[in-house]
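These are my notebook entries on one protein chain. I set down what I looked up, entry by entry.

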Amino acid sequence: VVPDTQNNANLYPEVLESQFDWIAANAPQFDFLLHVGDVVESSSNTSQWALAKKNFDKLTVAGLPYTFCLGNHDMRISLNTA
């Protein structure tokens, strides 16, 4: 289980890279990876999503199945106040 990587995606991309490198290198020890949400800090920041995709792709290459839930940082919410 991987939680709340939004700060790493936003401020510490090298930590996110290291985290996913370790998971991919150790993929045979795991059956599945679940990210529980807040992948990125800002849902509209395409560079954060590109970084996340690059790192999730490492899991695909390593043969580790995964999924993620959307957290509040991962989606834009508009409230109609009219």
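**Entry 1: Asp 38**

I looked up Asp 38 and found that it counts as buried, because its relative accessibility is 8%; buried means under 20% relative accessible area, exposed over 50%, and partly exposed in between, with a 1.4 Å probe and protein chains only. I placed Asp 38 in the loop between β1 and α3. Its phi is near 60 degrees, a positive value in a residue other than glycine.

I note here that the model is predicted: local features need pLDDT of at least 70, side-chain atom pairs count only at pLDDT 80 or more, and totals for chains, interfaces and linings use all residues. Residues are numbered from 1 along each chain as its sequence is written, and side-chain values use heavy atoms, with hydrogens and water left out.

**Entry 2: Asp 4**

I then turned to Asp 4, which lies in the segment before α1. Its phi is near 40 degrees, again a positive value in a residue other than glycine. Is Asp 4 buried or partly exposed? I recorded Asp 4 as partly exposed, because its relative accessible area is 42%.

**Entry 3: The chain as a whole**

I counted 3 helices and 2 strands in the protein chain. Helices (H or I, at least four residues) and strands (E, at least two) are DSSP runs, numbered from the N terminus. Along the sequence the pattern reads α-α-β-α-β. The C-alpha trace spans about 55 × 25 × 15 Å along its principal axes. Of the 82 residues, 34% count as buried.

I also looked up contacts, where contact means heavy atoms within 4.5 Å. Among those between residues at least 6 apart in sequence, 76% join residues at least 24 apart.

**Entry 4: Helix α2**

What span should the 13 residues of α2 have? At 1.5 Å a residue the span should be 18 Å, and the end C-alpha atoms of α2 are 18 Å apart, which agrees. The expected span of a helix is 1.5 Å times one less than its number of residues.

I listed the buried residues of α2 as Leu 16, Glu 17, Phe 20, Ile 23 and Ala 24. They lie on the same side of α2, because they cover an arc of only 130 degrees around the axis. The arc is that of the directions from the helix axis to the C-beta atoms. These buried residues of α2 pack against α1, β1 and α3. The face of α2 turned away from its buried side carries the exposed residues Glu 14 and Ala 25.

**Entry 5: Helix α3**

I found 17 residues in α3, which runs over residues 46-62. From its first C-alpha to its last, α3 reaches 24 Å, close to the 24 Å expected at 1.5 Å a residue.

Which residues of α3 are buried? I listed Gln 48, Leu 51, Ala 52, Asn 55, Phe 56, Lys 58 and Leu 59. They cover an arc of only 130 degrees around the axis, which puts them on the same side of α3. Their cover includes α1 (6-10), α2 (13-25), β1 (33-35) and β2 (66-68). On the other side of α3, Thr 46, Ser 47, Lys 53, Thr 60 and Val 61 are exposed. Just after α3, Gly 63 takes a positive phi of about 80 degrees.

**Entry 6: Asn 55**

Asn 55 is buried, with a relative accessible area of 0%. Leaving aside its neighbours within four places in sequence, Asn 55 is in contact with Leu 16, Glu 17 and Phe 20. Asn 55 and Leu 16 are 39 residues apart in sequence, and their C-alpha atoms are 7.7 Å apart in space.

**Entry 7: The cavity**

How many cavities of 30 Å³ or more does the structure hold? I found 1. A cavity, on a 1 Å grid over the protein atoms alone, is a set of points where a 1.4 Å probe fits but cannot get out, and lining residues have an atom within 4 Å of a point. Grid points are joined across faces, edges and corners, and a volume is the space filled by probe spheres set on the points.

The largest cavity has a volume of about 30 Å³. I recorded its lining as Thr 5, Leu 16, Phe 20, His 35, Val 39, Ala 52, Asn 55 and Phe 56. Helices α2 and α3 each supply at least two residues of this lining, and α3 gives the most, with 3 residues. The lining divides into 5 nonpolar, 3 polar and no charged residues. Ala, Val, Leu, Ile, Met, Phe, Trp, Tyr, Cys and Pro count as nonpolar, Asp, Glu, Lys and Arg as charged, and the others, Gly among them, as polar.

Definitions and conventions. 1 Å grid on protein atoms, 1.4 Å probe; cavity = no way out; pocket = protein on both sides within 12 Å on 5 of 7 lines; lining within 4 Å.
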